[in-house]
Amino acid sequence: MDANAVAPNCLAGVKILDLSQFEAGPTCTEALAWLGAEVAKIENPKGGEAGRTGFADPCYFMMYNANKKSVTVNLKSERGLALVKDMARRADVFVENFAPGAIERLGLGYDVVSVLNPRIIYAQVKGFGEGSPYENSLAFDMIAQACGGAMSITGERDGRPLKPGPTLGDTGTGMLMALSIVSALYQRVQTGKGRRLQIAMQDSIMHYSRTGFIYQGRTGKAAPRNGALPLGGGNAPSGVYPCRPGGPNDYVYISTSRANPEHWPRLLKLIGREDLLGDPRYDTANARAERAAEVDEIVAGWTRTRSKEEAMRLIGAAGVPAGAVFDTVELTREASFYERGILQEMEHAGRRMTMPTWPVRFDGAPPPIKPAPLLGEHTAEVLGDWLSLGGAEIEALKKDGIV
Amino acid sequence: MDGIGVELDCLAGIRVVDFTQFEAGPSCTEALAWLGAEVVKVENPKTGDPGRRLRPGKPDDDPWYFHQFNANKKSLTLNLKSPRGLEIVKELLKKADVTVENMAPGTIERLGLGYDEVKKINPGIIYCQVKGFGTGSPYEKSLAFDMIAQAAGGPTSVTGEADGPPVKPGPSFGDTGTGMLMAISILGALYKRQKTGQGRRLQVAMQDAMIHYMRVPFSRTQLTGKAPARGGSARSQPGGLVPSALYPCQPGGPNDYVYVFCSRANPEHWQRLLKVIGREDLSGDPRYDTQDARSQRAAEVDEIIAAWTRRHTKEEAMKVIGAAGVPAGAVFDTVELMSDPSLAERGIMQWVEHPTTGRYKVPAWPVRFDGTPPRVGPSPLLGQHSAEVLSEWLGIDKAELDALKAEGIV
């Protein structure tokens, strides 16, 4: 754990029964764990959650299951199902993101669980919404990004649609559900009543693509792809400019704003082109838009001789928005992330790993990361705490292959 | 307003003093409003949030942008640079549960409304700040917008065609994605405050928030030590997951593609796909039967699938492949989504009636509470709720309000 991190402890005492898998569900329950909830992840005793091995990437599971407890239970055995129902009686929140219909087939649908525990917040993440023509279809991150509009607005202007690299379909959905869960918990303090929460990944992507819908509102047309530029066009100069030494991510993003006419003269001064100050060919946003290619070359003439870090620092210090295109290796090496606790190092099953934590600081510090649990690591602890099962009983359950 | 959507009251009684502008802050406070909080947007009496317009100093001419991120809020105009205006806002802060700001670094402190000041007058307040870069970052003082955060936090580095330059992901999650992480944290802090009564300081940086959304690329980097190369989406990656790509559909428009993919975790997907596309002859063929075999023949596999998708529309392809139990998603554009009747029936897209813009349709908060998402209301006109809020929160009467207006304070 990191010295720069302090548990925010907001949800201390909240018990989450977590039947989620892969990313869309686990990111949601992980956020709740970071905020202080006790998250008991129910896993199949044989192999555990599919995300432990499904992507041939052991780090994947660790990323999305930090600070949780793992409890193995065979849900297809009668006794195992009874155990999980007992846990549901004591839980505050239930989260699942199985394929459509699977949780009901397991006998843990909303109608069953809400009767066992009328106070429970029952949360479901699916690919498509109830009532959607695709309601019964499977979805993963890329499917959601295709169907929710994200791919239609990502890519080169005349090129094909592209999938945004970040897994917004999964993590983005998990975040909207997490927010809704905590607000339902907040209200429950007064009402004592549970709620049913449902989200579809397709619907969630639209929430993050609202600038596309804004473009459509303005123009009546489907929002286009626009390469590195914002959908609305971008004010010249804006976009990615090449830097030294010319590697695949050696670019600096510069964005001069139409709302601030000072950006252009500041940039000219910085790049030593005061000779162009007041030049009518470039002096207004409209004039520059007419000569966008020339303007880009004026800026690129300077950026090409700088590293992206230097360019970002100098342009940023001059009061013009600029961001180097950092890749994951560069970000992982940046010392200030560790000093601020945004990246933390942890050890898991003999592997040392760098992990991004919940990036919000509470009173100056983000939450500390605890490694993702080993399969069944907390079975005895949780069954003991939640259900008062003793050592002998748990041994018997193990022997029968139930936990 | 249409019948779909309910007024959610999860956060009923929570008062938010909202100093935010553009998108990263407003998307956060809008989510709180949808969940039932009373969000009072404090705006400059002359021009309001710069997100109301495309050009500085011009009239409100970008209602679309403003509506999208300011639904269900109240607008209060107040000149924060006048002593009386500052005094009034401090009175409001005394009565507030939450305050949120996302101004340029140092601005809120210069206004005299920094954390130390506000905490003194209301120790129970949740004080929230959204900035481009974190306190202690080498870029701490730099400005940021969505595209800068997406560049500096990694998303742009993993988006683009193979061998092409980096591309900005279209969705503005540099803004909205950051806003959501702050909103969750605010709720966590409010939950805790029910027991402790104590306020907190919350801070998030857009660059840091981007890292949260790209933990899959970070996970790959942990394994390989390398930054993931951009691969586009046009073809399955040799050596990677095959098939997993966008396949062309009828009639060949710019968004006529369907994404199809077979999960490593479920070997049945490939068998099911072969059946749908009428290539059962390849079932059991050792050239394609396992993920490893297919990853050696990515181009061939893509062509087998594309030969079928080219003869179908994306909607057909998605329906048929999806129904067979294989993940498939059409690339829908904003017009197609806006006109999809099922999204409107489910309240995911809602009609809103606005006094000046008229009727318009917007994406709503996509989580259903007991079967229904929250109702989207119109964004406020500049200063629409000044009288209401000043009267309800501070007991300021009409005569006093008129005086404040005459002096240009409200």
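Helices (H or I, at least four residues) and strands (E, at least two) are DSSP runs, numbered from the N terminus. The model shown in these views is predicted, so that local features need pLDDT of at least 70 and side-chain atom pairs count only at pLDDT 80 or more, whereas totals for chains, interfaces and linings use all residues. Residues are numbered from 1 along each chain as its sequence is written, and chains are lettered from A and ligands numbered from 1 in the order in which they are written.

View 1. Of the 403 residues in chain A, 58% are buried, a residue being buried if 20 or more other C-beta atoms, placed from the backbone, lie within 10 Å of its own, exposed if 12 or fewer do, and partly exposed in between. In chain B, buried residues make up 57% of 410.

**View 2. The contact between chain A and chain B.** This contact draws 120 residues from chain A and 119 residues from chain B, where two residues are in contact if their C-beta atoms, placed from the backbone, lie within 7 Å. On the side of chain A that touches chain B, helix α7 (residues 168-191) of chain A gives the most, with 16 residues. Sorted by class, that side of chain A has 68 nonpolar, 36 polar and 16 charged residues; here Ala, Val, Leu, Ile, Met, Phe, Trp, Tyr, Cys and Pro count as nonpolar, Asp, Glu, Lys and Arg as charged, and the others, Gly among them, as polar.

View 3. Strand β12 (residues 361-362) of chain A pairs with strand β6 (residues 200-205) of chain B in the antiparallel sense over 2 bridges, strands being paired if DSSP finds at least two bridges between them. Within this pair, A:Arg361 stands opposite B:Gln203 in β6(B). B:Gln203 is buried, because 23 other C-beta atoms lie within 10 Å. Leaving aside residues up to four places away in sequence, B:Gln203 touches A:Arg361, B:Gln129 and B:Thr135.

**View 4. Helices α1 and α7 of chain A.** Helix α1 (residues 24-34) of chain A packs with α7(A) at an angle of about 45°, their axes being 7 Å apart; such axes are lines fitted to C-alpha atoms, for helices over the stretch in contact, and angles run from 0 to 180 degrees between N-to-C directions. α1(A) is therefore oblique to α7(A), since angles under 35 degrees count as roughly parallel, over 145 as roughly antiparallel, 65 to 115 as roughly perpendicular and the rest as oblique. The contact of α1(A) with α7(A) has 8 nonpolar, 5 polar and 1 charged residues by class.

**View 5. Helices α7 and α8 of chain B.** The axes of helix α7 (residues 176-196) of chain B and helix α8 (residues 206-213) of chain B come within 9 Å and cross at roughly 90°, which means that α7(B) is roughly perpendicular to α8(B). B:Gly177, B:Thr178 and B:Leu181 of α7(B) make the contact with B:Met206, B:Ala209, B:His212 and B:Tyr213 of α8(B). By class, this contact of α7(B) with α8(B) has 4 nonpolar, 3 polar and no charged residues.
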